[in-house]
Amino acid sequence: MRYIGIDAPEIYPKLEAYGMEAWQANRELVEGKEVRLERDVSQTDKYSRLLRYVYVDNILVNAELVRQGLAWAKAYPPDTKYQNCLEKMETEARQAGRGMWAK
């Protein structure tokens, strides 16, 4: 599955800066919890991965990772329902120096 509207540092095949932090934050947000998945326009991407917005309780995990500075807001049209929100979270993370935006 691919989280819609974001791009996070990778841990595989090559560990990128903040990759482990992003992976760990995502794990803490979703592991062992009931998640709700929301579709936008597309069902899957070109690699046949499900494209979804991920919620735990009332938290949009996609946005929370961006808010923490552990993912970039990245539009993949036509799936852009929450792109303004994601871009706002990235701006706030950058201004606050969170995660990969630390000075």
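**Figure 1. Contacts across the whole chain.** Of the contacts in the chain with a separation of 6 or more, 60% join residues 24 or more positions apart; a contact means heavy atoms within 4.5 Å. What you see is a predicted model, in which local features need pLDDT of at least 70 and side-chain atom pairs count only at pLDDT 80 or more, while totals for chains, interfaces and linings use all residues. Residues are numbered from 1 along each chain as its sequence is written, and side-chain values use heavy atoms, with hydrogens and water left out. The chain holds three helices and six strands, and from the N terminus on they run β-β-α-β-β-β-α-β-α. These elements are DSSP runs numbered from the N terminus: helices are H or I with at least four residues, strands are E with at least two.

**Figure 2. Overall dimensions and surface.** The C-alpha trace spans about 40 × 30 × 30 Å along its principal axes. A compact globule of 103 residues would have a radius of gyration near 13 Å, and the chain agrees with its 13 Å; this radius is taken over C-alpha atoms, and the globule rule is 2.2 Å times the number of residues to the power 0.38. Buried residues make up 40% of the 103 residues, where buried means under 20% relative accessible area, exposed over 50%, and partly exposed in between, with a 1.4 Å probe and protein chains only. The chain exposes about 6500 Å², of which carbon and sulfur atoms supply 51%.

Figure 3. Gln-83, Leu-86, Met-89, Glu-90 and Ala-93 are the buried residues of H3. They cover an arc of only 120° around the axis, so they sit on the same side of H3; the arc is that of the directions from the helix axis to the C-beta atoms. An α-helix has 3.6 residues a turn, so residues three or four places apart point the same way. On the other side of H3, look for the exposed Asn-84, Lys-88 and Gln-95. The cover over the buried residues of H3 includes strand S2 (6–7), helix H2 (61–67) and strand S6 (72–73). After H3 comes Gly-97, with a positive phi near 70°.

**Figure 4. An aromatic pair.** The structure holds one aromatic pair. Rings of Phe, Tyr and Trp (its six-membered ring) pair if their centres lie within 6.5 Å; planes under 30 degrees apart count as stacked, over 60 as edge-to-face and the rest as tilted. The pair links distant parts of the chain, with Tyr-53 in strand S4 and Tyr-82, 29 residues apart from it, in the loop between S6 and H3. Tyr-53 is buried at 0% relative accessibility, whereas Tyr-82 is partly exposed at 22%.

**Figure 5. Backbone details in the loops.** The loop between S2 and helix H1 (19–30) holds Pro-13, and the peptide bond from Tyr-12 to Pro-13 is cis, with omega near 5°. Tyr-18 is also in the loop between S2 and H1; its phi is positive, near 70°, although Tyr-18 is a residue other than glycine. Another cis peptide bond runs from Pro-77 to Pro-78, with omega near 10°.

How values were computed: Accessible areas come from the Shrake-Rupley method with a 1.4 Å probe; for residues, only the protein chains shown count as cover.
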